Amino acid sequence: MQRIAITDLAAKTVRELKTKHGVLIFHQSGGCCDGSSPMLLEKDDIYLDESDVLLGRIEGIDFYMNKDQYEYWKHTHLTIDITEGRGASFSLEIPLGKRFITRSRLLTEEERKFFGDN
Amino acid sequence: MSYSKPKFKKTYGNFINGKFVDPVGGEYFENRSPIDNSLIAKYPRSQKEDVEMALDAANAAKESWGNTPAAERAALLYKVADIIEENLEEFALVETCDNGKAIRETLNADVPLSVDHWRYFAACIRAEEGTATELDANTLSMNIKEPLGVVGQIIPWNFPLLMLSWKLPPALATGNCVVLKPAEQTPASATLLMEKIADVFPPGVVNVIHGFGPEAGKPLASSSKLSKVAFTGETTTGQLIMQYASKNLNPVTMELGGKSPNIFFNSVMDADDDYLDKAIEGAVLFAFNQGEVCTCPSRMLVQEKIYDKFMERVVRRTKAIVQDNPYDTKTMMGAQASNDQYEKIKSYLDIGKEEGAKVLCGGEANKLDGDLANGFYIKPTILEGHNKMRVFQEEIFGPVVCVTKFKDEKEAIEIANDTLYGLGAGVWTRDAHQLYQIPRAIKAGRVWVNCYHAYPAHAPFGGYKKSGFGRENHLMMLNYYRQTKNMLISYDKKKLGFF
């Protein structure tokens, strides 16, 4: 059980991009413009430390979020989906004319117990 | 009055070294209008080679431009302002077509404000000067401001021409050469500007490259041929750009958005007068530019005693917003800038409702008729809830405001500061003490007091906390694009006596 999932359609694009770019990483962004969207990056591109929280692994890729942001998000379950669109960030799917988006729902009672959340 | 879609060429190039050039790889991307999803034109899908070409042109031009007298540089900035002003309607139309915002806003805000920013920095560079201090009778310390060299600027899609006009003029006024990358959603107005001003600056001083973030934005931001990067966008890309800058030991400025509180105290409703009318409009300004503003007043905090009556008026005013064809001057709110934004906003409406937020109005997409049925329209939305909900904490970048109550000043400040961000805030009160004390207690770079969404060139703008650092606009911005050369001059003929 984990806090994050991915749709089949998004997973398909992730697989394509893995073939092209190698080892990847998801990082949930916040803020302006393309903020609040997940970013798919080459793994070595972003510096991670204890200020980042690992939410889980989807399609073989680790999904991270900044700890401060996680505090406001942790009562929700995230599903990474994909849509037609044109982002303006360094996320790797953008040249394909697609954009990952984060869909959310509240954690179920069972999930809350599992994660030990109040 | 209603306008129609402006005419475009089929394809455009990058603007490098004073002329339009095709991308090296020969690839283009389609740019579509969010109004009806129709094709605007094709723009270069630039790669590293194109970016390098622009950087080389800028580096070749920097010595000469940096040594050009301020009077001459200022004169050219004034010229750009005049050109934008003479073509105001054309710029407004192109901007509306590309971004989806109502023509009423581009005609009266985006374009005139852009003109003013060019003029403001043209004036600044003439009026300010360096400093000199006599440290002792024989020693003079002289501070001369020097340009950084070549600056990279990555600008967003919510106010394409205005954000360009916030960033370019101060960099050029201070003698820097620039490689600017517009957002890939909105390349049109930057291209139109380069067409109009192609001959104004010496070749290489201004360069505009188009393309996608991972292919063109990243090689620009990480280049060792730059002396600075200025970025407006979101936090993950902000972090990446800072990492790249750290490798080059370059300075950066970051403007990364917010979740701005707009606070209404009881005294707002002491009388039913012009001031109350203004305050209600101030609350509804969350819908300005379809909510696609980094300082969108997206959290509304209303004091308990007036909550019901005030919100009734705010909801009524929000429902009166005309959302229709953006080319019509009667339209108040247009389309969201792209499909992915549209989908993201809808996903936030879903999680907001699931978390128990009550929809006071809107809460869904708006399906318009005819060609507009293919566009990306969201109804102006007011959600009632509490500050721990995700819709209160994350930048939705859409016409969505989340409203909650507070008891007293202490609670208002607590809620206002309970956010990762600190870009903007609004305080509305008739109480003279609150007018000063509440803004001082809010951790944000810009607090509007009894007003909102004013962006004069003469007032500094920028964030606290995760909203970034550095400032834009205002005279102080000149120093974000300069080095200080200190000349320490001795007029003493006597030696130190050490050796």
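Below is a chat about a predicted model with chains A and B.

User: Okay, starting with chain A. How many helices and strands does chain A have?

Analyst: Chain A has three helices and seven strands. Reading from the N terminus, its elements go β-α-β-β-β-β-α-β-β-α. Keep in mind that this is a predicted model.

User: What size of box do the C-alpha atoms of chain A fill?

Analyst: Roughly 40 × 30 × 25 Å, taken along the principal axes.

User: Remind me, what does pairing involve?

Analyst: Strands of a sheet pair through backbone hydrogen bonds, and they can do so in a parallel or antiparallel way.

User: Switching to the interface. How many residues of chain B are in contact with chain A?

Analyst: 42 residues of chain B are in contact with 37 residues of chain A. On the chain B side, α7 (213–221), α8 (235–248), α11 (339–354) and α12 (390–393) each supply at least two residues. The one that gives the most is α11(B), with seven residues.

User: What classes of residue are on the side of chain B that touches chain A?

Analyst: That side has 13 nonpolar, 16 polar and 13 charged residues.

User: What does UniProt say about chain B?

Analyst: An unreviewed UniProt entry has the annotation "domain: Aldehyde dehydrogenase" over residues 23–486 of chain B. In the model, that span is 39% helix and 20% strand, and its end C-alpha atoms lie 42 Å apart.

User: I want to look at single residues now. What's up with the phi of B:F397?

Analyst: B:F397 has a positive phi of about 60° although it is not a glycine. You'll find B:F397 in the loop between α12 and β16 (400–406) of chain B.

User: Is B:F397 buried or exposed?

Analyst: B:F397 is buried, because 31 other C-beta atoms lie within 10 Å, and the cut-off for buried is 20 or more.

User: And what about the phi of B:N473?

Analyst: B:N473 isn't a glycine either, and its phi is positive, about 65°. B:N473 is in the loop between β21 (468–469) and β22 (482–490) of chain B. B:N473 counts as buried because 21 other C-beta atoms are within 10 Å.

User: Where does B:V400 lie, and what does B:V400 touch?

Analyst: B:V400 lies in strand β16 of chain B. Leaving out residues up to four places away in sequence, B:V400 touches B:G291, B:S298, B:I345, B:Y348, B:T381 and B:L383. With 26 other C-beta atoms within 10 Å, B:V400 is buried.

User: How far apart are B:V400 and B:L140?

Analyst: They are 260 residues apart in sequence and 57 Å apart in space, C-alpha to C-alpha.

User: Last one: where is B:T186?

Analyst: B:T186 is in the loop between β8 (177–181) and α6 (188–196) of chain B. B:T186 counts as buried because it has 30 C-beta neighbours inside 10 Å. Not counting residues up to four places away in sequence, B:T186 touches B:D98, B:N99, B:W157, B:P160 and B:A337. Between the C-alpha atoms of B:T186 and B:L161 there are 9.3 Å, and these residues are 25 apart along the chain.

How values were computed. Residues numbered from 1 in each chain as written. Chains lettered and ligands numbered in written order. Predicted model: local features only at pLDDT ≥ 70, side-chain atom pairs only at ≥ 80, totals over all residues. Contact = placed C-beta atoms within 7 Å. Helix = DSSP H or I, 4+ residues; strand = E, 2+ residues; numbered from the N terminus. Nonpolar A, V, L, I, M, F, W, Y, C, P; charged D, E, K, R; others polar. UniProt positions renumbered as here; feature names shortened; annotations may be inferred. Buried ≥ 20, exposed ≤ 12 C-beta atoms within 10 Å, placed from the backbone.
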